[in-house]
Amino acid sequence: MKLFDVARFAVVPALFLFGALAEAGSARAEDKVLAKINGTEIRESDLALAEAEVGAEVANIPAPNRRRLLLEFLIEMQLYSDAADGEKLTSGPEFERRLAYWNTRAKRDAYYERAVKEAIGEGVVRSLYDEKVKDIAPEEEVEASHILVETEEQAQALADQARDGGDFAKLATEHSKDPGSKANGGKLGYFSKGQMVKEFDEAAFSLQKGEISKPVKSQFGWHVIKVEDRRLKPVPTFEEVKGQISHAMEQQKGQQVSKELRDKATIEYVDGEIREQVEKEAAAQAARQQMFDQQMNEQLQKKQDQEKLEKEAQ
């Protein structure tokens, strides 16, 4: 979706009918006016609604510029809405269908906010973070640089130069064939065991801080490795991961709420093709569940039989 795709405006004007949803939680005086279009006010609450709709498209834009883009989005939407009023396009079956759709969408969003998002407060996210952090085992990582060349002889000569006092970063910039690191003096940053190819990984973790390796052969060529630092991998801070945790919890909670609502509803698929797809998916899911239950029962029976044999042997 493009932020200023005018085709969107034809189905979005009803958003302004739902401005009260955002205004309910704060006094009107706090909901400041950001712009006026032919006397119609656009407020902070409208900006919040727009961000909820198209915010993902502008998430990487700096906050001040993002606010400006969202406001321009709302201004153009209001202009198209006013033009629709002027040409008396706000009646008839097609328009009523659009209004009904956005009314349903607004009610869905209101319930989602209450039943899902409000259930995932920062306190809940923090609790899960604290619980998971306790389970993180200390993991060693190294910071290394390397020089990649084609032959063992080249690698040995460069290793000797580096050990004799040569500037490793300069040697990497001048001789390395690795386009991803040579411009940065061969620096690879920190990595844990298993992140590099086996030969490189084993050599790097066998070195102490400041040591330079012998030539190491891998599928990419011959490496000379220098370990710049060794440390225990720092645990990610709450601020670094709270967005990921919150998103994952919101998805899980959303699935739970959706299932609860579906279980209480009577849903009839009238379209024959779609109904057939649903029935096939339901049958496949039932078969998977039956197989899982059977495997669990077999494992339980084996455990009970083993316990019985052990008891009889005593």
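This is a dialogue on how terms are applied to a predicted model.

Student: What should a reader know about the model and its numbering?

Tutor: The model is predicted, local features need pLDDT of at least 70, side-chain atom pairs count only at pLDDT 80 or more, and totals for chains, interfaces and linings use all residues. Residues are numbered from 1 along each chain as its sequence is written, and side-chain values use heavy atoms, with hydrogens and water left out.

Student: How many aromatic pairs does the structure hold, and what makes Tyr 129 and Phe 238 an aromatic pair?

Tutor: The structure holds four aromatic pairs. Rings of Phe, Tyr and Trp (its six-membered ring) pair if their centres lie within 6.5 Å; planes under 30 degrees apart are stacked, over 60 edge-to-face and the rest tilted. Tyr 129 and Phe 238 stand 5.4 Å apart, centre to centre, with 65° between the planes, so the pair qualifies and is edge-to-face.

Student: Why is this pair said to tie together parts of the chain?

Tutor: Tyr 129 belongs to helix H6 (residues 122-134) and Phe 238 to helix H10 (residues 238-264), so the pair ties together parts that are 109 residues apart in sequence. Helices (H or I, at least four residues) and strands (E, at least two) are DSSP runs, numbered from the N terminus.

Student: Are Tyr 129 and Phe 238 buried or exposed?

Tutor: Buried means under 20% relative accessible area, exposed over 50%, and partly exposed in between (1.4 Å probe, protein chains only). Tyr 129 has 11% relative accessibility and therefore counts as buried; Phe 238, at 5%, is buried as well.

Student: Why is the pair of Phe 191 and Phe 200 called tilted?

Tutor: The ring centres of Phe 191 and Phe 200 are 6.2 Å apart and the planes meet at 55°, so the pair is tilted. Phe 191 is buried at 2% relative accessibility, and Phe 200 is buried at 3%. Ring pairs also link Phe 191, Phe 200 and Phe 205 into a cluster.

Student: How do you know that the charged end of Arg 231 sits over the ring of Tyr 190?

Tutor: The term requires NZ of Lys or CZ of Arg within 6 Å of the ring centre and within 35 degrees of the ring normal. The charged end of Arg 231 is 3.5 Å from the centre of the Tyr 190 ring. Arg 108 likewise lies over the face of Tyr 112, at 4.5 Å from the ring centre.

Student: How do you know that the span of helix H11 agrees with expectation?

Tutor: The expected span of a helix is 1.5 Å times one less than its number of residues. Helix H11 (residues 272-313) has 42 residues and should therefore span 62 Å; its end C-alpha atoms are 61 Å apart, which agrees.

Student: What is found at the start of H11?

Tutor: There, a side-chain oxygen of Asp 271 comes within 3.1 Å of the backbone nitrogen of Glu 273.

Student: What makes S4 and S5 edge strands?

Tutor: Two strands pair if DSSP finds at least two bridges between them. The open sheet of four strands runs in the order S4-S3-S6-S5, with antiparallel pairing. Strand S4 (187-192) and strand S5 (216-218) each pair on one side only. Strand S3 (residues 140-149) pairs with S4 over five bridges in the antiparallel sense, and the bridge partner of Glu 141 in S4 is Ser 192.

Student: How do you know that S1 and S2 pair, and what marks Asn 38 in their hairpin?

Tutor: S1 and S2 are joined in the antiparallel sense over four bridges, and the definition asks for at least two. Lys 36 stands opposite Glu 41 in S2. The hairpin has two residues between the strands, and Asn 38 takes a positive phi near 50° in it. At 71% relative accessibility, Asn 38 counts as exposed.

Student: Why is Arg 43 called buried, and which side chain does Arg 43 join in a polar contact?

Tutor: Arg 43, in strand S2 (residues 40-43), has a relative accessible area of 10% and is therefore buried. A polar contact of 2.9 Å joins its side chain to that of Glu 41. The term covers a pair of N or O atoms within 3.5 Å; within protein, one must be able to donate a hydrogen and the other to accept it, and residues adjacent in sequence count only if both atoms are side-chain atoms. The side chain of Arg 43 also reaches the backbone oxygen of Asp 31 at 2.4 Å.
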